[in-house]
Amino acid sequence: MISFVIYSSFIFLMFLITNTIILYYIMINNNEVQLNERKILLIISHPDDECMFFGPTLLFLRNRKNQVHLLCLSIGNESGLGEIRRNELESSCITLGIDIENINIIDHPSLQDGPKNNWDPTLISNIINDHVTKHKIDIIITFDEKGVSSHPNHIAALNGARHFIQSTTSNDIILYKLITVPVLRKYISILDLPLTYLFKNRNNLNHLIFISSFTNFIRARKAMTSHQSQLVWFRHLYILFSRYMMINELQLVDIN
Ligand SMILES: [Zn+2]
């Protein structure tokens, strides 16, 4: 019985790896996403969100001549390391292809890092409005309702962005959210590719998938190491096993 289970597991693993390799080459070489020469605002909640969660997206956009702006809603000062983390964020962003003048880090008394701090969507919406107007942004990207890690500050970023889209008079600005996958899929890195492909809604043109090449994975890893103050042992495991270092899925937010 035990040998049957081991044999079946081995066959399944081989099947998964073979499918992953095939899909990886198909999707790397046939990316259908049409995002070129756009002005894009990525909204994150803390320094390191950009490379922990959005690396594949940022590195794809970088190669398509998009102008990417980053809005970080806090300096991540929960442990008193805010000023260090601000510098780490700038270093990480440069690695990911964001120009230093396009990095905006907010340190507002009502938007302090911490899961127990409630962030007001109206306040976030007003901050977004300033940036969108100033930089003529046409696409906003942020977390979804589960915020990848369920962190309330991540979810607050979506609530603020949604509030902005609902209140703006412009019809030309669209909002994408980063899809959170179940925890069992979060830590199998590129092996999640067959499942990503399986669950992809082929009729939904507003569902974008970004897969990192090995070169881009190394670049995202380098960005992660910019955050030295956060680089505890399990972050190294995160780099190796997190799906978000290799795969991002974005879904257009339907406001109506
Ligand atoms: Zn975060």
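Analyst: Asp48 and Arg85 are both buried, and in this predicted model their side chains meet in a salt bridge with an N to O distance of 3.2 Å. The pair links distant parts of the chain, 37 residues apart: Asp48 belongs to the loop between strand 1 and helix 2, whereas Arg85 belongs to helix 4 (residues 82–95). The search of the whole structure finds 10 salt bridges. Another of them joins Arg162 to Glu145, at 2.9 Å from N to O.

Arg185 has a relative accessible area of 12%, so it is buried. Asp192 is buried because its relative accessible area is 0%. Salt bridges that share partners also form one network, which joins Asp48, Arg85, Asp113 and Arg235.

When neighbours within four places in sequence are left aside, Asp192 is in contact with Arg185, Arg243 and Ile247. Tyr244 in turn belongs to a cluster, linked by ring pairs, with Phe53, Phe54 and Phe143.

The metal site is next. The zinc ion has as its protein donors His46 through ND1, Asp49 through OD and His154 through NE2, at 2.1 to 2.2 Å. Along the chain these donors follow the spacing H-x2-D-x104-H. His46 lies in the loop between strand 1 (39–44) and helix 2 (49–53), and His154 in helix 7 (residues 152–167), so this pair ties together parts that are 108 residues apart in sequence. Both histidines, His46 and His154, are buried.

The aromatic rings complete the account. There are seven aromatic pairs in the count. In one of them, the ring centres of Phe60 and Phe210 are 4.8 Å apart and the planes stand at 55°, so the pair is tilted. Because Phe60 lies in helix 3 (residues 55–62) and Phe210 in strand 6 (residues 207–211), the pair ties together parts that are 150 residues apart in sequence. Phe60 is buried, with 12% relative accessible area, and Phe210 also counts as buried, at 1%. Another aromatic pair, Trp233 with Phe234, is edge-to-face, with 5.6 Å from centre to centre and 85° between the planes. As for accessibility, Trp233 is exposed, with a relative accessible area of 64%, while Phe234, at 46%, counts as partly exposed.

Note on methods. Residues numbered from 1 in each chain as written. Predicted model: local features only at pLDDT ≥ 70, side-chain atom pairs only at ≥ 80, totals over all residues. Heavy atoms only, no water. Contact = heavy atoms within 4.5 Å. Donors = N, O, S within 2.8 Å, 3.2 Å for Na, K, Ca; no water. Helix = DSSP H or I, 4+ residues; strand = E, 2+ residues; numbered from the N terminus. Buried < 20%, exposed > 50% of the residue type's maximum accessible area, 1.4 Å probe, protein only. Phe/Tyr/Trp six-rings, centres within 6.5 Å; stacked < 30°, edge-to-face > 60°. Salt bridge = Lys/Arg side-chain N within 4 Å of Asp/Glu carboxyl O.
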